[in-house]
Structure formats: structure tokens, C-alpha cells
Amino acid sequence: MSQSLRKGGSSLLIGQSYWAMIRFMQNSDPRFEMDELARRIKAWGRELGFQALGISDTNLGEAEEHLLQWLADGHHGAMDYMAKHGVKRARPTELLPGTLRVISVRMNYFPEPSHDAEAILLDPSRAYVSRYALGRDYHKVLRNRLEKLAQKIREVVECQCRVFTDSAPVLEVELAQKGSLGWRGKHTLLLSREQGSWFFLGEIFIDLPLSVDKAQQSHCGTCVACMEVCPTQAITAPYKIDARRCISYLTIEHKGSIPIELRPLIGNRIYGCDDCQLFCPWNKFADKSIEPDFSVRNKLDDISLIELFAWSEDEFKMRMVGSAIYRIGYEQWLRNIAVALGNAPATDESLMALQTRSQHTSLLVREHVEWALQRKIELNPD
Ligand code: B12
Ligand code: SF4
Ligand code: SF4
């Protein structure tokens with residue numbers, strides 16, 4: 001049962017309880033309704049496990065120009081999907097015609113408990129896996145929750161809405177920044193005073209004129225810690241990343257041979273990289289995630305390179321199913337670990353581990369193993 005409510009000339013169907021609440025408030029001003037609906041959506045989102053929600057309009061201003069410059073500079077490397085959609089990425093209304101607002105959400109992922117990240121980075125015999133990939137693939141987790149939220153909205157109001165999380169040409173950080181979820185750090189990620197930057201983003205595009213939130217101001221000040229600690233100097237200027245140098249790109253997105261000059265800089269990072277976040281002062285205050293889906297699986301927060309390198313393809317698939325790591329495939333997985341083993345001190349065990357893969361059927365794997373063995377000889381001539 002529902003009643004009809006006028007909004008901006010169109011007729012909306014509002015669920016009875018919601019309608020009763022609106023009537024109770026005795027206010028027929030459409031702006032009030034959109035304020036109230038926005039407030040409710042945020043409350044539902046928090047109940048569904050999002051730490052914060054914010055609402056913005058669809059005008060992304062200068063972001064389009066910056067995106068085009070980044071592409072023209074070739075900083076996307078081989079991520080063709082970044083170039084493919086052109087300006088659509090900066091124009092939400094072209095992606096979903098009729099969109100008036102974007103509801104952005106953030107969800108914390110740094111798993112609690114997990115082994116000390118800096119200690120792992122300092123131990124070259126251990127594997128460093130990005131904190132976001134220690135548990136279940138976030139795409140599914142966020143998508144399911146966003147769908148539930150969209151469903152709740154549809155139950156109280158007739159509208160068109162669609163959910164996204166890293167799944168379509170959307171400038172997620174830009175939209176979340178506009179929607180007050182934080183500010184863009186010099187490392188290009190979104191961060192907030194309360195939560196630092198250890199969170200994922202997702203959004204719902206909607207054709208209702210919900211009340212918008214006010215963007216936060218930046219609190220980076222004169223800090224440049226992220227730029228200084230980046231192992232490969234991938235942050236070429238504040239707010240600018242040359243993805244081709246970023247370890248996250250090299251270990252996840254890049255399919256072929258890793259440029260030789262960058263291999264030693266990768267250290268023991270076998271999947272993604274967190275350095276620009278680990279050393280950001282705002283992350284000292286960040287809340288950890290108690291989301292069961294993001295809790296550590298397969299001891300990936302503290303495991304030796306040699307143990308991971310010994311996994312067979314079947315074991316890799318069996319253990320990584322449901323994880324974001326599954327998508328890079330076994331060949332790329334071995335490639336990444338070979339580089340990390342090349343950067344580790346030459347022990348008998350690490351040499352033996354590398355030798356077991358020196359005749360691997362994949363040329364990519366063999367080439368990285370050869371490099372790793374050669375590097376050990378160079379570093380330890382005796
Ligand atoms: C492509 C991509 C990557 C690429 C490129 C990164 C990048 N900065 O573009 C690579 C593979 C390197 C990458 C790595 C990572 N990513 Co990523 N990535 C994306 C993706 C799919 C698109 C980002 C994008 O649009 N890039 C285009 C370029 C142009 O954007 P940009 O560099 O941010 O530049 C903008 C501004 O800096 C500004 N700008 C540019 N030049 C200038 C110049 C001046 C003077 C000024 C003022 C501004 C300015 O305008 C640009 C357009 O808005 C998003 C998801 C999405 N759909 O948005 C996730 C996303 C950004 N990634 C995410 C994560 C978690 C990561 C990693 C932490 C993963 C890891 N641990 O390894 C790293 C972090 C690396 C880093 N410091 O960025 C999260 C970030 C969450 C957050 N808190 O912000 C996102 C939002 C995914 C998600 N749904 O949660 N990623
Ligand atoms: S993820 Fe790592 S390599 Fe990429 S910008 Fe941050 S610190 Fe640099
Ligand atoms: S490390 Fe400093 S400059 Fe970089 S995002 Fe954090 S506060 Fe901003």
C-alpha cells in the first residue's frame with residue numbers, strides 16, 4: 001500500500017510508514033522531503049555496515065580535464081579500460097541518464113586482528129600483501145550491501161538507481177570527496193580525519209534531488225610523507241600518480257614483464273602496495289575493520305615467500321577463490337613472488353625455491369626466476 005507524493009513535478013510512490021512520518025512532520029516542502037530521505041538513507045547505510053555515506057550532485061568540474069591530461073601523459077599504462085570510456089568517467093549522467101545525485105559510501109577494510117604491516121615490510125623473507133586483499137574480494141561484499149541499500153530506497157520511493165563499486169567508469173574518489181566523505185590526499189586516495197584512508201568506496205546513482213553534503217577541506221597541509229616514502233617515486237607531484245611506476249599497478253594490473261629497473265624497488269610486496277597509506281599521519285587514527293569478510297585468510301598477513309612460492313596452481317586456485325588475488329592468476333602470482341625472492345637475502349632455501357621454478361612452462365615466470373637468481377649472485381658474489 002502506498003500513497004502518491006509530488007516531487008519536482010513527478011509523482012513518487014512512498015511506502016506507508018515513510019509517508020506517515022512525512023505527514024507527521026506536517027511539511028510538504030519537497031526540499032524537506034529530500035532532506036529527510038537523505039537522512040534515512042544514511043541511517044540505513046550505517047545499519048548495513050557502511051561507516052559513512054555522503055551525497056553529491058553530478059558536476060565534477062575540473063576532474064575531467066585532469067583525467068584527460070593523465071591519460072594523455074600515458075600514466076594509465078596498459079589499463080586500457082581507463083582510456084576506453086573517455087569523458088564518460090567524469091560525467092555520471094552519461095553513464096546513467098537521468099542521474100541527479102550520487103550517494104557515496106565508504107567501508108573500512110584494515111583487518112583486525114592482523115600482523116604488524118611495517119614489521120612484514122622490514123622482513124625480506126616474508127610476503128607483503130596489501131591490507132585490502134587479506135580477506136574476501138571487496139567487490140562482492142560492497143556490491144551486495146549497496147544492492148540491499150538500493151532495495152530499501154526503492155521500497156519507500158519510486159526511483160531509478162544503480163550501484164557501482166570499482167565496476168564501471170566512475171571517478172569514485174572525486175564523487176566521494178564532493179559528497180563530504182573526506183578529502184583527496186596527495187597520494188590521490190580519499191582520507192578522512194576519523195578514518196584515515198583504509199576504506200573502500202562505492203556508490204548509488206539515483207534520479208532524485210536528494211539534499212547534497214558539503215565537501216570537506218583538505219588537511220594535508222605541508223605534509224608530503226606519502227610522496228617521500230613511495231618506494232618507486234610513483235607520486236610524481238601532489239595528486240598525480242604515474243601508475244606505470246606504482247607497485248600496485250606493477251603487481252596487479254600489469255600482465256607482462258616487470259621493468260627491470262623497478263624490480264629491486266618492489267622489495268617483498270607481492271600483491272599491491274600500502275606504503276603511501278602506512279606512513280600517512282592520518283592513518284594513526286584509523287579504525288580497523290571487524291567485518292568478517294575482510295578478516296585474514298590463508299595467513300596472508302604473515303607468511304614466508306618460500307611457502308607461497310611452493311603452492312601448486314591447484315592450491316593457488318583453491319586457496320584464493322573468493323579473494324581479489326585470484327584474478328591475477330597463477331603465472332602473475334609466481335612472477336611477483338620470484339621478484340620478491342630476488343630481493344631477499346640469498347639463503348640455501350630461497351635459492352632452492354627459485355631453482356624449482358627455473359624450468360617452468362611459462363616464459364614470464366622463467367624470465368623473472370632467472371633475474372632473481374642472477375640478482376642473488378650479484379648481491380652475494382661469494
Ligand atoms: C585505476 C585505479 C588504480 C590505478 C591508478 C591509481 C590512480 N591514482 O589513478 C592503480 C593500479 C595504480 C591503483 C592503485 C591503488 N588503488 Co586504485 N583505483 C583505480 C580506479 C579503478 C580508478 C582511479 C582513477 O579514476 N584514476 C584516474 C586518475 C586520473 O585519477 P587520479 O590519479 O586519482 O587523479 C585525479 C586527481 O588526483 C586529480 N588530479 C590529477 N592531476 C591533478 C593535478 C592537480 C594540480 C590537482 C589539484 C588535481 C589533479 O584529478 C584526477 C581526476 O579526478 C579506482 C576506482 C574508481 N572507479 O574510481 C580505484 C581506487 C582509487 N583504488 C583504490 C585503492 C584501495 C588502491 C590501492 C590502495 C590498492 C593497493 N593497496 O595496492 C592503490 C593505491 C595507489 C594510489 N596511491 O593511488 C580505492 C581507493 C579508496 C580510497 N580510500 O580512496 C579505489 C577508489 C577503489 C575502491 N572502490 O575503493 N588504483
Ligand atoms: S601504492 Fe606504493 S608504489 Fe603506489 S603510489 Fe603508493 S607507495 Fe607508491
Ligand atoms: S601522507 Fe601527508 S600529504 Fe600524503 S595524504 Fe597523508 S597527510 Fe596528505
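1. A definition comes before anything else. A residue counts as near a molecule if its C-beta atom, placed from the backbone, lies within 6 Å of it. Keep that in mind for the shells below. Note too that this is a predicted model.

2. Start with ligand 1. Five elements each supply at least two residues of its shell: α3 (63-72), α8 (172-178), β9 (199-206), β11 (240-241) and α10. The largest share comes from α3, with 4 residues. There are 36 residues around ligand 1. Those that come nearest are His 66, Glu 172, Leu 189, Ser 248 and Gly 272. By class, the shell around ligand 1 holds 21 nonpolar, 8 polar and 7 charged residues.

3. Next, ligand 2. Here 13 residues form the surroundings. The closest are Cys 230, Cys 246, Cys 273, Asp 275 and Cys 276. Two elements give two or more residues to this shell: α10 (247-253) and α12 (275-278). Look at α10 again: it also supplies at least two residues of the shell around ligand 1. The shell around ligand 2 divides into 9 nonpolar, 3 polar and 1 charged.

4. Ala 225 sits in helix α9 (residues 225-229). Leaving out residues up to four places away in sequence, Ala 225 touches Phe 279, Cys 280 and Pro 281. Ala 225 and Pro 281 are 56 residues apart along the chain. Their C-alpha atoms are separated by 8.1 Å.

5. Turn to the sheet. Strands of a sheet pair through backbone hydrogen bonds, either parallel or antiparallel. This open sheet has 4 strands in the order β3-β4-β9-β6, and the pairing is antiparallel. The edge strands are β3 (52-56) and β6 (161-164), and each pairs on one side only. On average, neighbouring strands of this sheet are turned by 20° against each other, direction ignored. Helix α7 (residues 138-156) packs on the sheet and touches β4, β6 and β9. The direction of α7 makes about 35° with that of β9.

6. Walk across the sheet, pair by pair. β3 and β4 (residues 101-108) are joined by 5 bridges. Ala 52 stands opposite Arg 106 in β4, and Gly 54 has Ser 104 as its bridge partner. How many bridges join β4 to β9? There are 8. Val 102 has Phe 205 in β9 as its bridge partner, while Ile 103 stands opposite Ile 204. β6 and β9 are joined by 4 bridges. Phe 164 has Glu 203 in β9 as its bridge partner.

7. In β4, 8 of 8 residues are buried. Arg 101, Ile 103, Val 105 and Met 107 point one way from β4. Val 102, Ser 104, Arg 106 and Asn 108 point the other way. β9 is also mostly covered, with 8 of its 8 residues buried. Phe 199, Leu 201, Glu 203 and Phe 205 point one way from β9. Phe 200, Gly 202, Ile 204 and Ile 206 point the other way. So charged residues are found among the buried ones: Arg 101 and Arg 106 in β4, and Glu 203 in β9.

8. Finish with the core. How many residues does the largest nonpolar core have? It has 89. The residues with the most contacts inside it are Tyr 109, Ile 337, Ala 338, Ala 340 and Leu 341. Take Ala 338 from that list. Leaving out residues up to four places away in sequence, Ala 338 touches Leu 354, Arg 357, Val 365, His 368, Val 369 and Ala 372.

Terms used. Residues are numbered from 1 along each chain as its sequence is written. Chains are lettered from A and ligands numbered from 1 in the order in which they are written. This is a predicted model: local features need pLDDT of at least 70, side-chain atom pairs count only at pLDDT 80 or more; totals for chains, interfaces and linings use all residues. Two strands pair if DSSP finds at least two bridges between them. Axes are lines fitted to C-alpha atoms, for helices over the stretch in contact, and angles run from 0 to 180 degrees between N-to-C directions. Two residues are in contact if their C-beta atoms, placed from the backbone, lie within 7 Å. A residue is buried if 20 or more other C-beta atoms lie within 10 Å of its own, exposed if 12 or fewer, and partly exposed in between; C-beta atoms are placed from the backbone. A nonpolar core is a set of buried Ala, Val, Leu, Ile, Met, Phe, Trp, Tyr and Cys residues joined through C-beta atoms within 7 Å.
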